[in-house]
Amino acid sequence: MVAPAIDAISIRGRPGEGLTVAVGDGFSLNIRSRVQVRYQLALSSPSEDGSRDVNQIVNIGTARLWLSGNVFREELTYMIQLAVAGRDFRDGAVSPIFDAYVDWRAHRDLNLRLGQFFVPFDRLRTVREWALQMADRPIPVGELTLDRDVGLMLYSDRFLADGSPVAWRVGVFGGGGTNLTTARVPGGLAVARVELRPLGPIDDDVEGDLARRTSPALALGVALAGNVNTNRLRSTTGPKFEGGATSYAHGALDLVFKWRGFALQAEGLGKLASSSQIVSRASDGSERVEYTRSAVGFVTQSSYTFDPPFELVGRLSGLYAIPPTDPTLVDEVRRGAHEVGLGANYYVHHHRLKLQVDWIARLPLDVDVSRASHAIHAQLDVTF
């Protein structure tokens with residue numbers, strides 16, 4: 001009797017890339033984890049009598065677990081990312097699932113991804129958290145991005161030729177963001193993005209130029225999206241409206257440039273609601289008014305990586321309300337519309353093991369420095 005053939009089993013591991021078990025070409029499982037130990041000291045803007053509040057937070061900024069690999073064939077891959085730190089549970093989240101999708105690289109010109117993942121909108125949001133140069137994302141990105149959602153994306157990274165500088169993404173999503181557990185009125189999110197890399201390949205999904213590349217590289221991106229009948233305040237994030245839904249139109253332009261340790265990334269974002277308010281009746285019969293949020297913003301962030309891998313980074317961003325819109329947003333913009341930040345990073349093992357320190361000032365709309373709020377962050381970020 002002949003014993004059945006058993007596919008070869010291989011086990012490999014590397015710091016920052018986790019442990020991978022592969023069974024022939026038909027199945028693999030990679031396990032990685034990430035921990036961020038974080039300190040924050042915050043100084044509020046001054047009150048009328050000139051006093052400021054000072055507070056600190058010492059915590060685990062994030063804790064992540066990735067399960068990924070391929071199944072049946074090399075072209076069919078999967079990813080599950082769990083985020084289990086308290087700071088990861090935003091907007092009343094009830095599930096630790098950040099990413100959960102399957103990806104079929106069927107052809108150079110047409111691939112498919114299905115599940116929950118980043119909506120392919122603006123570059124400064126789709127850069128993974130472990131590849132960030134500063135502790136927090138810019139204010140305009142938090143307000144105007146599309147974050148994660150559940151849906152389907154068709155895409156190509158090298159459209160029409162192996163060396164093509166053109167990439168594209170088209171997706172349709174539920175429009176409700178993550179952790180959607182209750183029913184709502186029918187609607188959905190559609191997004192289209194085109195990317196151009198005229199000088200050749202570039203790692204534009206990782207911040208900074210840690211490789212100190214000897215030839216310049218440039219990535220340009222443009223995206224448009226429409227979210228119909230969403231009940232989330234910021235389109236796919238934020239609290240839910242109690243009395244109805246709105247529709248948002250989104251636009252984004254972004255740029256990434258890297259050369260000899262210098263890196264520049266910049267983007268402009270816009271979000272426009274179909275109506276400025278949602279009027280309904282509360283349970284007691286009184287009129288209830290809920291406001292939507294329309295705004296535009298910009299971000300510029302540049303850095304220089306020295307050799308050895310010490311890096312300095314600076315950021316400037318701004319957010320502007322488009323009236324008529326949420327009075328709370330107007331007040332937020334008035335009190336802290338502009339952001340100036342400086343940071344210093346030491347990369348022990350690229351972005352997989354790094355020490356980071358930064359200072360961020362949030363200035364009022366009139367850029368009165370004396371009324372700015374300040375935050376200092378120090379963190380150890382390590383991926384195993």
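Reader: Which strand is Tyr304 found in?
Author: Tyr304 is found in strand β16, residues 295-305, where strands (E, at least two residues) and helices (H or I, at least four) are DSSP runs numbered from the N terminus. This is a predicted model, in which local features need pLDDT of at least 70, side-chain atom pairs count only at pLDDT 80 or more, and totals for chains, interfaces and linings use all residues. Residues are numbered from 1 along each chain as its sequence is written, and side-chain values use heavy atoms, with hydrogens and water left out.

Reader: Is Tyr304 buried, partly exposed or exposed?
Author: Tyr304 counts as partly exposed because its relative accessibility is 33%; buried means under 20% relative accessible area, exposed over 50%, and partly exposed in between, with a 1.4 Å probe and protein chains only.

Reader: Okay, new topic: which residues of helix α3 are buried?
Author: In α3, which covers residues 327-336, the buried ones are Leu329, Val333 and Gly336. Seen down the axis of α3, these buried residues fall within an arc of 100°, so they line one face of the helix; the arc is that of the directions from the helix axis to the C-beta atoms.

Reader: And what covers those buried residues of α3?
Author: The cover includes α2 (139-144) together with β16, β17, β18 and β19 (353-363), with contact meaning heavy atoms within 4.5 Å.

Reader: What is the peptide bond from Pro323 to Pro324 like, cis or trans?
Author: That bond is cis, with omega near -5°, and Pro324 lies in the loop between β17 and α3. Most peptide bonds are trans, and most residues other than glycine have a negative phi.

Reader: Where does Phe72 lie, and what is its phi near?
Author: Phe72 lies in the loop between β4 (54-71) and β5 (73-83), and its phi is near 75°, a positive value in a residue other than glycine. Phe72 counts as exposed because its relative accessibility is 71%.

Reader: What about Ile202, buried or exposed?
Author: Ile202 counts as buried because its relative accessibility is 11%, and this residue is found in the loop between β10 (188-196) and β11 (217-230). Leaving aside residues up to four places away in sequence, Ile202 touches several others, including Arg197, Arg213 and Val256. The C-alpha atoms of Ile202 and Arg213 are separated by 9.7 Å, and the two residues are 11 residues apart along the chain.
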